[in-house]
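Please examine the sequence and the structure shown below.

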Amino acid sequence: MANPKEKTPMCLVNELARFNKIQPEYKLLNELGPAHAKVFTVQLSLGDQQWEAEGSSIKKAQHAAAAKALVETSLPKPPPRPPRNDSKNPDSVTPTVELNALCMKMGKKPTYRPIDPYPGLRPSYNILRNNAFHQRYLFHESTELCYFNYLSWNDLSVLSY
């Protein structure tokens, strides 16, 4: 497998079996040769169809049997899935990454803090009863810092720089 995102034959056999509502079954049939050069024989069963393959390890024999099954099976294959691209930013550049880059260009350190979604309805959740800041939300009030508040994941605003 050249591409790590490429599916293995065993993974594809599992998808095929799931699509046909059957369970793939791998059996170790034989183990030959000395300890340093063993040859394993594995049988793959999908419904009433069977394939055998050999390999230098059980896993390699299973992969070989699965590859053979994918080529020779008469079972209906699942339709190909469209590629997933859930990200709104195809290059994985999130607003936070963009803000970090902006601060780096300005030579300032970004500090983030959450905005209270219910301002005025309750005391600030950043301050404890004794008017001390919660350690997780301790902020330095320095003019050399970039402060950003989270309005939502997609809507970030710059308060001051």
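**A guided reading of the model**

The buried residues of helix α1 are covered by elements that include β1 (25–32), β2 (39–46) and α2 (58–72). Helices (H or I, at least four residues) and strands (E, at least two) are DSSP runs, numbered from the N terminus, and contact, the basis of such covering, means heavy atoms within 4.5 Å. The structure is a predicted model, in which local features need pLDDT of at least 70 and side-chain atom pairs count only at pLDDT 80 or more, whereas totals for chains, interfaces and linings use all residues. Residues are numbered from 1 along each chain as its sequence is written, and side-chain values use heavy atoms, with hydrogens and water left out.

Helix α1 spans residues 9–19, and its buried residues are Met10, Val13, Glu15, Leu16 and Ala17. Here buried means under 20% relative accessible area, exposed means over 50%, and partly exposed lies in between (1.4 Å probe, protein chains only). After α1 comes Lys21, which has a positive phi, near 55 degrees.

The discussion now turns to the core. In soluble globular proteins, nonpolar side chains tend to be buried together. A nonpolar core is defined as a set of buried Ala, Val, Leu, Ile, Met, Phe, Trp, Tyr and Cys residues joined through side-chain atoms within 4.5 Å. The largest such core in this model has 12 residues in all: Met10, Val13, Leu16, Ala17, Leu44, Leu46, Trp51, Ala53, Ala65, Ala66, Ala69 and Leu75. At least two residues of this core are supplied by each of α1, β2, β3 and α2. Helix α1 gives the largest share of this core, 4 residues. Leu46, when its neighbours within four places in sequence are left aside, is in contact with Val13, Leu16, Ala17, Ile22, Pro24, Trp51 and Leu75.

Strand β3 (residues 49–55) contains Gln49. Is Gln49 buried or exposed? Gln49 counts as buried because its relative accessibility is 15%. The side chain of Gln49 is joined to that of Ser74 by a polar contact of 2.8 Å. A polar contact is a pair of N or O atoms within 3.5 Å; within protein, one must be able to donate a hydrogen and the other to accept it, and residues adjacent in sequence count only if both atoms are side-chain atoms. With residues up to four places away in sequence not counted, Gln49 touches Leu44, Thr73, Ser74 and Leu75.

Charged pairs form the next topic. A salt bridge is a side-chain nitrogen of Lys or Arg within 4 Å of a carboxyl oxygen of Asp or Glu, and by this rule the count comes to 3 salt bridges. In one of them, the side chain of Glu15 meets that of Lys7 at 2.5 Å, N to O. Glu15 counts as buried because its relative accessibility is 19%, while Lys7, at 38%, counts as partly exposed. Lys27 and Glu25 also form a salt bridge, their closest N and O atoms being 3.8 Å apart. Lys27 is partly exposed, with a relative accessible area of 41%, and Glu25 is partly exposed, with a relative accessible area of 41%. A further salt bridge joins the side chains of Lys38 and Glu31 (3.3 Å, N to O). Lys38 counts as partly exposed at 25% relative accessibility, and Glu31 counts as partly exposed at 41%.

Finally, how many disulfides does a search of the whole structure find? The search finds 0 disulfides, a disulfide being a pair of cysteine sulfur atoms within 2.5 Å. Cys11 is partly exposed, with a relative accessible area of 29%, whereas Cys103 counts as buried at 0% relative accessibility.
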